Amino acid sequence: MSNGDAGVDWIQQQILKWRVLVDDGVMEQASYIQRVDYLEKNNQVPEAGVGMTITERAPFKILELTKGGPAQKTGTIKVGDILIRIDDSNIQVFSGEQVRSAIVGPVGTPVTLYFQEMPVRSEAGRYGVKLTRAPPDSGGNTHVKAEHEAAAQGKSQRPTSEFDHAERAVKSQYDPHQTKWDHMLINVIVEKEPFAEGAMRKAYYMKDLSTIGADRNYVLKLSKDMKEDTQTYYDDVQMQMEAKMYADLFNATGPPKKVDFLAAYVLELKDRAGKPIAGVEKFIEGEYKKYNNNWDWSDEKRNTPQAFSHFTWHASKGTLLVCDIQGVGDLYTDPQIHSTDGRGYGKGNLGQQGIDKFLASHDCNPICQWLKLPGNGRYKRSNGGQGTLVSHEDLGTYHRVAEQVQREQPPAAAQRPSGARAAAPEAVP
C-alpha cells in the first residue's frame, strides 16, 4: 500500500469513528460536519477541548480542571461534578473515550455541556454551560483516566458501617474457553429490599467486596420460588459467557463498533437459611433495549446487533446462533443460543428451526457486507440514515481476519440437560 493510500485509509477510519458517534446519538450532525471538514483541510484530527479530565466510564466525574482552560474560567464547573449530556446527546451508555471524542473538536467551535452538581449547590442541582473549544496549549487539553479510590492521605481508614452487613458467598464463574467452572469464597453486601421485580425473580443491588470502586457494583437476581431448579442459574451464566466469547471473536475482526456481554456468575449465599443460589451480573445504567428475539423479529434501526447474530452462525461453522440480543447500547445480557442439535441452552433453544427462522428473516446490512458474511441473497442497502454504516473504502479489509476466524474453531459447548430457562419477558431486566 502506498503512503497516499495509507493516508486516505486513515482519514476514512477517523470519519467512520465519528459517523458511529453520530449514529449512536453521542455527536450532533453539525459537529460531525465540522470535524470532517477540518480533517480533510488539515489532515489531522481536531484536538481542541475544554480543559478537563473525566473518568473513563459513567458516571463521568470531573477529576481535574486545567488552570486557565475554558471549563475552569467559567467558575461554575467544579471538580467532582458529573457530566451528563453533551449538546443534546445522552452519554451515559458510552465509554470515556467516546465522550472525549464528542467533547473535542475544531478550535473556536462551541460545545454545550450539562452537569449534575456533586455535592448539590443549587436548588436545581444541575446546570449547562456553553464553552468554546481551545487548543491544548491554551488550556483546552481534555483527558480521560481511571479514578482510583483514595487510601486516606497519611491516615488509616476504618471500614464504614456497610461492612457490618457483609455476608459470605461462593462465587462460581464459567470459563467458555476451558469449558470449566471455577469457584471462590468472597464477601458481598446485598441490599435488603429489591429495586425491581419480574414474574419469576427479584433484583437487588449488590457489592462484590473482592473488587474495588465502581467494579464492585452488581445486580443479584433471586428466584421468588425457593424450589426452582438451581441448574437454571448455571445454564444462564454458561450461555451468557459463551455468547461473550463470540463477542470477543466478533471484536477481533475490527468492526466499526464493538459489542460485549455483561460478565455474569452464580452465587451461593452461605450465611442464609437453605444457602440459596442466585444469578449475578454487572450493574449498568442506561436505557434497556431489545434488538432481536429468538425467532424472526429484529429492530432494523440497528445494524450491529443483527450482524453480530449473523456472525455467530458463521464463526461457529454453522453449529449455533446467538440471538435474543438485548441490553444497554451494545453491552448485552440474557441472550439465547440456538444449536443445530437442539441440545442444552434451556427451553429457548429452538434448534435448527430457530436458526433457519432467523436467517430466513434476516436482511444483511452494511456490517454483514463488511464482514463478508454469507447471506440469503437479500441486502438492506439503507436504513433511513440510522444504524452503524461502513464506507466503501473499508470493504475488503476483513479478508485476513475472516480467514483467521474460520481457522479458529471455538471450543464445543459442554452438553447440558435441558433446563427451564426463564424467558426474557419474565426475567428482571
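This is a predicted model: local features need pLDDT of at least 70, side-chain atom pairs count only at pLDDT 80 or more; totals for chains, interfaces and linings use all residues.
Residues are numbered from 1 along each chain as its sequence is written, and side-chain values use heavy atoms, leaving out hydrogens and water.

Among contacts in the protein with a separation of 6 or more, 63% come from residues 24 or more positions apart. A contact here means heavy atoms within 4.5 Å.

Let's start with helix H5 (residues 231-252) and H6, whose axes come within 10 Å and cross at roughly 100°. H5 is therefore roughly perpendicular to H6, a label for angles of 65 to 115 degrees; under 35 is roughly parallel, over 145 roughly antiparallel, and the rest oblique. Axes are lines fitted to C-alpha atoms, for helices over the stretch in contact, and angles run from 0 to 180 degrees between N-to-C directions. From H5, the contact uses Ala243, Tyr246, Ala247, Leu249 and Phe250, while H6 brings residues including Phe308 and Phe311. By class, this contact has 9 nonpolar, 2 polar and no charged residues. Nonpolar covers Ala, Val, Leu, Ile, Met, Phe, Trp, Tyr, Cys and Pro; charged covers Asp, Glu, Lys and Arg; the others, Gly among them, are polar.

Next comes H6 (residues 304-315) with helix H7 (residues 351-361): they pack at an angle of about 130°, with axes 11 Å apart, and are therefore oblique to each other. Gln306, Ser309, His310 and Trp313 in H6 meet Ile355, Phe358 and Leu359 in H7. The residues of this contact divide into 4 nonpolar, 3 polar and no charged.

Finally, look at Ser316, in the loop between H6 and strand E17 (320-323). At 0% relative accessibility, Ser316 counts as buried. A polar atom of its side chain lies close to two backbone oxygens, within the polar-contact limit of 3.5 Å for a pair of N or O atoms (within protein, one able to donate a hydrogen and the other to accept it; residues adjacent in sequence count only if both atoms are side-chain atoms).

| Backbone oxygen | Distance to a polar side-chain atom of Ser316 |
|---|---|
| Trp313 | 3.2 Å |
| Leu320 | 3.0 Å |

Key. Helices (H or I, at least four residues) and strands (E, at least two) are DSSP runs, numbered from the N terminus. Buried means under 20% relative accessible area, exposed over 50%, partly exposed in between (1.4 Å probe, protein chains only).
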